[in-house]
Amino acid sequence: MELGRRRLRLGDLPERTWQPGNLAIPLKNLLLSGKMASNVEAPERWYLALLGFAEHFRTSSPPKIRLCVHCLQAVFQFKPPQRIEARTHLQLGSVLYHHTKNSELARSHLEKAWFISQQVPQFEDVKFEAASILSELFCQQNLVDSAKPLLRKAIQISQQTPYWHCRLLFQLAQLHTLEKDLVSACDLLGVGAEYARVVGSEYTRALFLLSKGMLLLMERKLGEVHPLLTLCGTIVENWQGNPIQKESLRVFFLVLQVTHYLDAGQVKSVKPCLKQLQQCIQTISTLHDDEILPSNPADLFHWLPKEHMCVLVYLVTVMHSMQAGYLEKAQKYTDKALMQLEKLKMLDCSPILSTFQVILLEHIIMCRLVTGHKATALQEISQVCQLCQQSPRLFTNHAAQLHTLLGLYCISVNCMDNAEAQFTTALRLTTHQELWTYIVTNLASVYIREGNRHQELYSLLERINPDHNFPVSSHCLRAAAFYIRGLLSFFQGRYNEAKRFLRETLKMSNAEDLNRLTACSLVLLGHIFYVLGNHRESNNMVVPAMQLASKIPDMSVQLWSSALLKDLNKALGNNIDAHEAAQMHQNFSQQLLQDHIAACSLPEHNLISWTDGPPPVQIQAQNGPTTSLASLL
């Protein structure tokens, strides 16, 4: 069997070497085998004829899978030799698995292909392809305990076949990852990296190591990540091979670096890496994706197709823009990424595309809530629900984020009881420490607004104390925790304490260009100085807060700042400026009120009551808004 170009997906397996109905491959092999001369045996003639018919029916438009299967089944009537018998069982199993719902019959054929091929010498492609697809089918049937020993045996007997040994190691590591057994997955990827080194494939060694680095980042084992990424950087720079493969390794490496910085909330520090990543993807887009196969079979992998890498780079750019508070830039790159995704999904049903789409929507929803477009945000939350309805695994991985987004929406429309319920549900569903801290921070803000939940509030604040044993290393989340402390002190009238916390937030947010936190801290400090009667110092805080909020743009901070500017200028005797600020405040209030009414009138608004099970399939309309516009002061 010919080996084609294989692609290893982010968090996914390489593409299959033998595509579902690629029935022409054995035909080509037989033509090249030297037996197609005048002395060809009759059984091979009927075999080639049946194979040709099967391929014709498979590639018809629309495909005639039933007729294709009939042709392949007819092969067994001639009692073919073991090689043809095993290959035909593999072809039948693959066609049934990929094109029908008859998983039991597919399993039967694949098990026969696996059993017979082990008795045939030098039949590695059929043998290991059967094991690979059969293990996929077992996983689809939730028979993971059957898939694991099958893959382990295939790995054990494939050590003399570099491509298959590496591919099966990736596949078993992926299986462990899906089960959240990251320790076993990392061990397998380490074994793969060492094997690739022994067989002289520095390229695939880098793929194994980068994949291991990705899992170590997920486990927050930062002490192991740093030396591993340093080693990967050296391997990637020193490897000389296919330019697209080299650049794809660099993209993988830089994506890990960028996401590591963003997880740590280091928005300013990440900029050089992000710029390199964007330049790298531009380089890849200019390279010709030729089909020259590497000389080393162990090099027959790709991380992601070029088109998927482009979407991924858009995605991490959106993540950066969101954290930094460049929301118009986030919107621009989200639009580009979603447009690219729509085109790709018409031709490619890869699950990773839906994952990209959900993560993009999660970020743009947060942007909408900040910029005062709650109705649009709510419709996009509903879109995420629909995507999760189509994939149970996607819902499992994103349920906590979905309830968190609903909690943020509830805050924006002043439904505090619903916000509390959504955040509590999200906390129950997540094991991710950064997300847990983010949810707790927002839940604390709900309790502060309600003003009568002191016991629950102090319990939460103890768990996110920025001065002592903060639960995560994120710079951004720790700065936000200081802001929450400052907000509470402000509402309690402890202004000096509030100023200390807010100055700490300002110091941290300025260090990493966290523009939204900077704007929020400035306007709150301005409010404190206004209450204390220090109007000039208040003005020095509120004016830059308004400028920054306009740049983001953050509608809530603009509303708050304009209200303060109106009162400040009136107190300072600047009547023209006071009138201008009053007009701005009126405009912002009207925009927010109109959007508030539009959002609460949508049938999707009823999602705020959903706190259990999968997303509701149908959302009933309601008569009108049931909430009032919250005071943001």
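Helices here are DSSP runs of H or I with at least four residues, and strands are runs of E with at least two, numbered from the N terminus. Phi of Asn142 is near 60°, a positive value in a residue other than glycine.

I noted the ground rules next. This is a predicted model, in which local features need pLDDT of at least 70 and side-chain atom pairs count only at pLDDT 80 or more, while totals for chains, interfaces and linings use all residues. Residues are numbered from 1 along each chain as its sequence is written, and side-chain values use heavy atoms, with hydrogens and water left out.

**Two domains**

I then checked how the chain is divided: domain 1 covers 18–34 + 43–150, and domain 2 covers 159–288 + 296–303. These bounds come from an automatic or database domain assignment. The C-alpha centres of the two domains lie 32 Å apart. Their contact (heavy atoms within 4.5 Å) takes 11 residues from domain 1 and 9 residues from domain 2.

I looked up the buried area, which is the accessible area (1.4 Å probe) that two parts lose on being put together, summed over both. Between domain 1 and domain 2 it is about 870 Å², and carbon and sulfur atoms give 58% of that. Phe128, Ser132 and Lys148 lose the most area on the side of domain 1, together 51% of what that side buries.

I searched this interface for salt bridges (a side-chain nitrogen of Lys or Arg within 4 Å of a carboxyl oxygen of Asp or Glu), and the rule finds 2. I also looked up which elements give two or more residues to the side of domain 1 that touches domain 2: they are helix H6 (124–140) and helix H7 (144–156). H6 provides the largest share, 8 residues.

**Cis peptide bonds**

I found a cis peptide bond joining Ser61 and Pro62, with omega about 0°. Pro62 sits in the loop between helix H2 (42–58) and helix H3 (65–74). Another cis peptide bond joins Ile552 and Pro553, with omega about -10°. Pro553 is in the loop between helix H25 (535–551) and helix H26 (555–571).

**Aromatic pairs**

I searched the whole structure and got 14 aromatic pairs. Rings of Phe, Tyr and Trp (its six-membered ring) pair if their centres lie within 6.5 Å; planes under 30 degrees apart count as stacked, over 60 as edge-to-face and the rest as tilted.
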